[in-house]
Amino acid sequence: MDFALMQRVFPFFVEAALVTVEISVLALALGLVVAALAAAAKLSRSRLMRAIGTVYVSVFRGTPCLIQLFVLYFGGPQIGINLEPFAAGLIGLGLNIGAYMAESIRGAVLSVDRGQAEAARSIGFGRFQTLRKVVLPQAARLMIRPLGVNTVALVKGSALVSTISVVELTYTAQRFIGSTYKPFEIFGVAALLYMIVVFVVAKVVDLLDRRYAIV
Amino acid sequence: MQGLDFSVVLPYTSLLWTGAWWTAVLTVSAAALSFVFGILFAVAVLYAPKLIAWPVRFVMWLFMGTPLLLQLFLIYFGLVQIGIDIPALGAGIIGLGLHFAVYNADVLRAGIVAVDPGQTEGARSIGFGRWQTLRHVVIPQAVRNTVPPIGGNMIALLKESSIVSVIGIAELVHSAQLGISETFRPFEFYITAAALYYILNLVLEGGLRLVERKVEVSR
């Protein structure tokens, strides 16, 4: 192990790790919004909305994230969408994880006991009120863990944007492996930083889970 | 901005089918590897002496916390550095196989622990050794009970196999890129590739549902 090399490249990797964090956080925000809409669409009474939600989730979960990024970044200009690598990566990752998160949200909503909604309706709550005041607060607790799992997958999946030349952790690792021929050392440095990010995400999820636990 | 014209893909049909075929081969080989090593890792973590169990646990932890793409770079460039020169296809299968072996091991470990202790006690009491009990009684039940989550991992594997295109394996994404390099039509080719992945995904899901039903009936 060439520790001097690891020390020398470390600052570059920290900078790259910040890009990984930045794109992950922004994609997470986009993903959550899209996921909430898609879950609502899939749970909707309108057949059209259900169809839209189902197609979105099925297409984005049924094809590789890499291809989705390539369609957006390389194919986009053909249909008039010109995006910088970072923007394309952020939108691609967000739309991809949104499909997975939609299922997490839908699962949580569906696992709230039906009796809760029935009771709320029977004491005169409207459909929306029932959802807003009775079902969602309970579902919110149930979705913390699955959404956390999705978020960890998103952080690791963000490595894919290196293929559309976003200079993040994996891109930087690849460059340094090419220039130093020390794959194990470089992997070690990059892995350490990924582990730190994943660890922080896991801790935050734990904290939220405990904070909102039903005792 | 140019108009879309999917007919540009037609002359490359056989190229794309070949790519899809290699994606299937890659997925099946890596799946087999991930299953075998998944069982080995799970057993090592649960029953092996600490000297073996701890390194296995460390590798599992490392592989679960880092991206597959990074692991592929390590395996593809790293093995060469320690004098093992394997072709890209081998590196791709090993990388995908090990990555998903770790996820399978995680599932199988839980599955093994969940097998009723009475099963082990029963096997031991009729004279099975420790290894025999594991091999003939516990693991078959654990595998049967974990078919759905392992199937989920295999579906993820199919999609993640697209990543090995970056180390130059001629699978579906790579075929699409070949077509693009001659026609400059990324949108049409990547959408076609996505459709082929979607079909492969449906086939795999169908196959897994058959396996699940078979396991369900024979229980």
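How many residues does helix α7 of chain B have, and how far does the helix reach from its first C-alpha to its last? The views below come from a predicted model, in which local features need pLDDT of at least 70, side-chain atom pairs count only at pLDDT 80 or more, and totals for chains, interfaces and linings use all residues. Residues are numbered from 1 along each chain as its sequence is written, chains are lettered from A and ligands numbered from 1 in the order in which they are written, and side-chain values use heavy atoms, with hydrogens and water left out.

**View 1. Helix α7 of chain B.** The helix covers residues 147–160 and has 14 residues. Its reach is 20 Å, close to the 20 Å expected at 1.5 Å a residue. The expected span is 1.5 Å times one less than the number of residues. Helices (H or I, at least four residues) and strands (E, at least two) are DSSP runs, numbered from the N terminus. Buried residues of α7(B) include Val147(B), Ile150(B), Met154(B) and Leu158(B). Lys159(B) is also buried. Buried means under 20% relative accessible area, exposed over 50%, and partly exposed in between (1.4 Å probe, protein chains only).

View 2. Over all chains, the structure holds 13 aromatic pairs. One of them joins Tyr56(A) and Phe60(A), tilted, at 5.0 Å centre to centre and 50 degrees between the planes. Rings of Phe, Tyr and Trp (its six-membered ring) pair if their centres lie within 6.5 Å; planes under 30 degrees apart count as stacked, over 60 as edge-to-face and the rest as tilted. Tyr56(A) counts as buried, at 14% relative accessibility.

**View 3. A pair between Phe74(A) and Tyr190(B).** The ring centres lie 6.3 Å apart with planes at 35 degrees, so this pair is tilted. The pair crosses between chains, from helix α3 (residues 65–75) of chain A to helix α9 (residues 186–217) of chain B. Phe74(A) is partly exposed at 33% relative accessibility, whereas Tyr190(B) is buried at 3%.

**View 4. Arg211(A) over the face of Tyr212(A).** Arg211(A) lies 4.9 Å from the ring centre. A charge sits over a ring if NZ of Lys or CZ of Arg is within 6 Å of the ring centre and within 35 degrees of the ring normal.
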